[in-house]
2 protein chains.
Amino acid sequence: MVASRGVRHDSMRARNLAVVLGAIHRSGPHTRAALAELTGLTKTTVSSLVSDLLDAGVVTESGVVRGGERGRPGVAVSLSGHRVATLGLEINIDYLAACVVDLTREVRLRRTRRADNRNSDPADILASLRDLVKETTAEAEQAGLRVIGAALAVPGTVEGEVLRSAPHLGWRDVRVADLVDLPFAIDNEANLAALGELWFGSQAADFLYVSGEIGIGAGLVVGGTVFRGTFGLAGELGHVVVVPDGPACRCGGRGCLEVYAGQDALLGALPEVTSLVARLESGDRPALEACERAGHALGVALTSAVHLLDPGRIVLGGIYAPLFPWLQGPVSEGLGARLGQMRGTPPALVVSETGPDAAVLGAAGLIIQQVIAEPAQLLGL
Amino acid sequence: MVASRGVRHDSMRARNLAVVLGAIHRSGPHTRAALAELTGLTKTTVSSLVSDLLDAGVVTESGVVRGGERGRPGVAVSLSGHRVATLGLEINIDYLAACVVDLTREVRLRRTRRADNRNSDPADILASLRDLVKETTAEAEQAGLRVIGAALAVPGTVEGEVLRSAPHLGWRDVRVADLVDLPFAIDNEANLAALGELWFGSQAADFLYVSGEIGIGAGLVVGGTVFRGTFGLAGELGHVVVVPDGPACRCGGRGCLEVYAGQDALLGALPEVTSLVARLESGDRPALEACERAGHALGVALTSAVHLLDPGRIVLGGIYAPLFPWLQGPVSEGLGARLGQMRGTPPALVVSETGPDAAVLGAAGLIIQQVIAEPAQLLGL
DNA sequence: GGGATTAGTCCATAATCTGTACATAATCCT
DNA sequence: AGGATTATGTACAGATTATGGACTAATCCC
């Protein structure tokens with residue numbers, strides 16, 4: 001739905017605050033004069049807007065710019081990491097996680113609680129998470145940070161503030177409310193991990209982040225924004241059909257990617273990815289074959305994904321990150337052979353640079369993005 | 001890229017013109033008072049904006065609203081079809097087409113030129129198209145319409161104003177310029193057909209339009225907007241992998257949907273879809289089997305598409321429209337069986353309501369959408 | 001040290017929307 | 001039939017915000 005409300009003077013100012021803050025955020029510290037140039041606003045207006053942003057604590061004057069050029073040197077205005085921060089949260093199969101990130105995207109705090117959340121009572125887990133939230137926000141406040149919003153990553157599908165279905169947790173239609181007394185959002189783990197990769201990893205603006213966990217999800221980032229589909233269910237790469245009459249999948253389908261390249265298929269009886277990596281390094285035959293099989297299946301599924309989603313590049317994350325050296329070959333061969341004629345070159349295949357906490361970081365980043373996109377609203381300017 | 005230019009007084013007014021026009025467009029004729037309510041602007045402001053829109057000829061006062069309620073009756077303001085129009089164009093394998101559509105989405109003019117465009121010189125075809133443009137715009141002007149922009153649908157991939165690759169025409173990297181002396185856009189046939197379906201067909205705002213032609217394309221509409229992917233290449237449904245080691249496809253891959261459900265696979269030696277329909281109606285065995293095979297393949301490919309794109313519903317168009325009675329069964333069975341657990345119900349499968357000229361209509365509609373989204377810019381207000 | 005150059009601020013002006021008042025036109029009620 | 005009621009649309013003063021030129025400030029170059 002396109003915004004359909006009229007613009008008034010206050011929304012004009014709100015918008016211009018966002019434009020100036022966005023310019024500072026996008027291309028680093030700038031003097032007021034440079035910001036005027038960038039935004040098309042006059043120096044006068046920029047000065048007035050920057051003054052409001054300074055009051056709100058989202059930017060600071062970070063010293064004089066001396067470019068060796070002549071003329072009066074300007075004062076650079078940059079994002080301030082000293083007052084405003086956001087909270088990232090994650091519920092996953094075997095842990096809860098939280099992190100506090102300041103406006104400069106500096107991670108100020110991380111907390112993890114190991115716990116087996118499979119088939120547990122949502123109320124218990126949420127209580128435990130609420131606890132973690134209290135702990136982290138208190139600690140953040142002690143560091144002088146004002147936490148102004150939070151987002152939660154979950155391994156399942158989300159609509160609004162309701163967790164619709166998280167098969168690996170055994171949850172269905174769980175409403176997550178009262179977790180924090182702040183602006184709040186929930187989203188799928190893969191989508192938020194994609195955003196984590198965007199802001200804390202490679203910084204590229206267009207890619208498909210493939211999240212290999214127990215299930216396989218994917219988050220498509222186009223122009224720095226996650227594509228969510230109609231109901232927010234897009235990117236279910238794990239159930240793309242690889243072999244139409246292959247083995248049954250728990251989703252009810254047959255021959256889904258998850259059957260061939262999910263954690264269970266790859267690890268088998270092994271307890272952890274690290275053990276698989278160890279075997280691969282030692283040249284263990286069954287391990288190598290499992291990886292190759294998974295790689296081929298990934299290549300097929302990603303071919304379909306490239307044709308449908310047109311990603312800029314493909315980033316392998318989650319358990320695929322440590323396995324990248326063994327997956328890269330079969331996956332990119334498959335992609336190259338199949339995509340052949342259709343596009344100049346297939347999208348580059350790269351490994352995630354963010355590590356296992358991509359999703360929590362992405363959650364915190366999501367709120368930061370919102371602050372920068374609408375500072376007036378979230379900061380009460 | 002988020003808009004990064006500051007808002008000034010004139011852009012505030014430009015935006016409010018768009019908001020008012022958008023409200024009229026979205027929910028039919030309204031009085032000034034109702035528009036004020038809808039937009040959150042004051043009656044005064046709305047009056048002033050409407051007066052500008054009246055001057056520009058995009059809206060008219062369409063009579064007094066008498067609701068039986070008491071109080072002074074208002075004057076309804078509605079879109080005007082009398083002055084502003086847009087031009088839709090299409091180059092396809094065996095014809096050129098043009099249509100003129102007014103702001104109320106009334107089709108005022110259609111012209112088609114049959115021609116075999118396969119492997120022909122782009123310059124010739126474009127000259128012929130330019131001719132058609134002159135003819136139609138002249139005729140539109142005689143009807144008192146001012147053509148303010150045009151868009152062109154092509155059976156291939158597009159970047160900017162360059163037709164990158166149209167395999168069935170045998171074209172590569174053709175720059176389409178100077179076709180009209182107006183705001184102009186080119187886009188893929190499937191994307192524009194999807195928009196045609198959106199505005200001239202079912203009016204639903206969320207669906208995947210599947211365009212069965214010689215190739216198979218798809219256009220995803222989410223919230224009334226086409227999803228284009230990173231390079232504008234999204235929606236290549238025809239090359240989604242159905243059988244990983246199936247027969248080779250002209251794209252270089254194997255077992256693509258196109259191999260099983262493209263026009264060639266379905267029609268075989270038959271000259272036209274109508275002949276296939278005739279055989280199907282008479283119970284011809286090979287025809288029925290070909291259809292069933294295509295339906296199954298479509299079901300598999302669409303399962304992957306649903307998981308990745310999350311469409312609101314699926315609309316079958318192009319040659320699939322007349323074949324819908326025979327395709328519906330196998331396709332929706334496949335979808336139902338495979339999507340089972342993952343979502344409440346699979347997306348509804350429906351037939352296109354727009355017919356074969358969906359793409360030209362969508363092209364004209366694209367420019368209408370632009371006028372309504374940015375009236376100030378395109379009308380010089 | 002003086003001139004040139006660029007940064008940032010001040011203030012009068014312009015553009016646009018808001019809000020109250022008012023003229024207008026219908027229905028409702030007696 | 002006539003006045004009360006109610007809602008529409010316009011007029012005008014006032015509020016908000018951005019602009020643009022003048023001015024001060026700070027540095028470089030000669």
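The legends below describe a predicted model.

**Figure 1. The surface of the protein near DNA strand D.** By that criterion, 31 residues surround DNA strand D, and the closest are A:R70, A:R72, B:S47, B:G71 and B:G74. Both chains contribute helices to this surface: α1 (9–26) and α3 of chain A, together with α2 (32–39) and α3 of chain B, each supply at least two residues. The largest share, five residues, comes from α1(A). Divided by class, the surface near DNA strand D holds six nonpolar, 14 polar and 11 charged residues.

**Figure 2. The surface of the protein near DNA strand C.** DNA strand C is surrounded by 31 residues, of which A:S47, A:G71, A:R72, A:G74 and B:R72 are the closest. The class division for the surface near DNA strand C is six nonpolar, 14 polar and 11 charged residues.

**Figure 3. The contact between chain A and chain B.** The contact takes 51 residues from chain A and 51 residues from chain B. On the side of chain B that touches chain A, α1 and α9 (285–309) of chain B each supply at least two residues, and the largest share of that side, seven residues, comes from α9(B). The residues of this side of chain B comprise 25 nonpolar, 19 polar and seven charged ones.

**Figure 4. Chain A as a whole.** The secondary structure of chain A comes to 12 helices and 16 strands. Its radius of gyration is 23 Å, close to the 21 Å that the globule rule gives for 381 residues, so chain A is as compact as a globular protein of that length. Along its principal axes the C-alpha trace of chain A spans about 70 × 50 × 45 Å, and 51% of the 381 residues of the chain count as buried. Among the contacts in chain A with a separation of 6 or more, 64% are accounted for by residues 24 or more positions apart.

Figure 5. Five strands, in the order β6-β5-β4-β7-β11 of chain A, form an open sheet with mixed pairing. Because β6 (107–114) and β11 (184–188) of chain A stand at the edges with a single partner strand each, one side of each is left without a neighbour in the sheet. Neighbouring strands of this sheet are turned by 15° against each other on average, direction ignored. Within the sheet, β4 (residues 84–91) and β7 (residues 146–154) of chain A run parallel and are joined by six bridges; A:A85 has A:V147 in β7(A) as its bridge partner. Helix α4 (residues 122–142) of chain A lies across β4, β5 (95–102), β6 and β7 of chain A and runs at about 155° to β6(A). Helix α11 (residues 358–373) of chain A lies across β4, β5, β6, β7 and β11 of chain A, running at about 145° to β4(A).

**Figure 6. The open sheet of chain A that contains β12 and β13.** This open sheet has five strands in the order β14-β13-β12-β15-β16 (chain A), and its pairing is mixed. At its edges are β14 (225–227) and β16 (348–351) of chain A, each of which pairs on one side only, and the twist averages 30° from one strand to the next. Strands β12 (residues 207–212) and β13 (residues 216–222) of chain A pair in the antiparallel sense over six bridges, with A:S211 standing opposite A:G217 in β13(A). Helix α10 (residues 324–339) of chain A lies across β15 (313–318) and β16 of chain A, and runs at about 165° to β16(A).

**Figure 7. Loop residues with a positive phi.** Most residues other than glycine have a negative phi. A:N119, in the loop between β6 and α4 of chain A, has a positive phi near 55°. Having 9 C-beta neighbours inside 10 Å, A:N119 counts as exposed, since the cut-off for an exposed residue is 12 or fewer. B:Q203, which lies in the loop between α5 (189–200) and β12 (207–212) of chain B, has a positive phi of about 70° although it is not a glycine. With 10 other C-beta atoms within 10 Å, B:Q203 is exposed.

Definitions and conventions
Residues are numbered from 1 along each chain as its sequence is written. Chains are lettered from A and ligands numbered from 1 in the order in which they are written. This is a predicted model: local features need pLDDT of at least 70, side-chain atom pairs count only at pLDDT 80 or more; totals for chains, interfaces and linings use all residues. A residue is near a molecule or strand if its C-beta atom, placed from the backbone, lies within 6 Å of it. Ala, Val, Leu, Ile, Met, Phe, Trp, Tyr, Cys and Pro count as nonpolar, Asp, Glu, Lys and Arg as charged, and the others, Gly among them, as polar. Helices (H or I, at least four residues) and strands (E, at least two) are DSSP runs, numbered from the N terminus. Two residues are in contact if their C-beta atoms, placed from the backbone, lie within 7 Å. The radius of gyration is taken over C-alpha atoms; the globule rule is 2.2 Å times the number of residues to the power 0.38. A residue is buried if 20 or more other C-beta atoms lie within 10 Å of its own, exposed if 12 or fewer, and partly exposed in between; C-beta atoms are placed from the backbone. Two strands pair if DSSP finds at least two bridges between them. Axes are lines fitted to C-alpha atoms, for helices over the stretch in contact, and angles run from 0 to 180 degrees between N-to-C directions.
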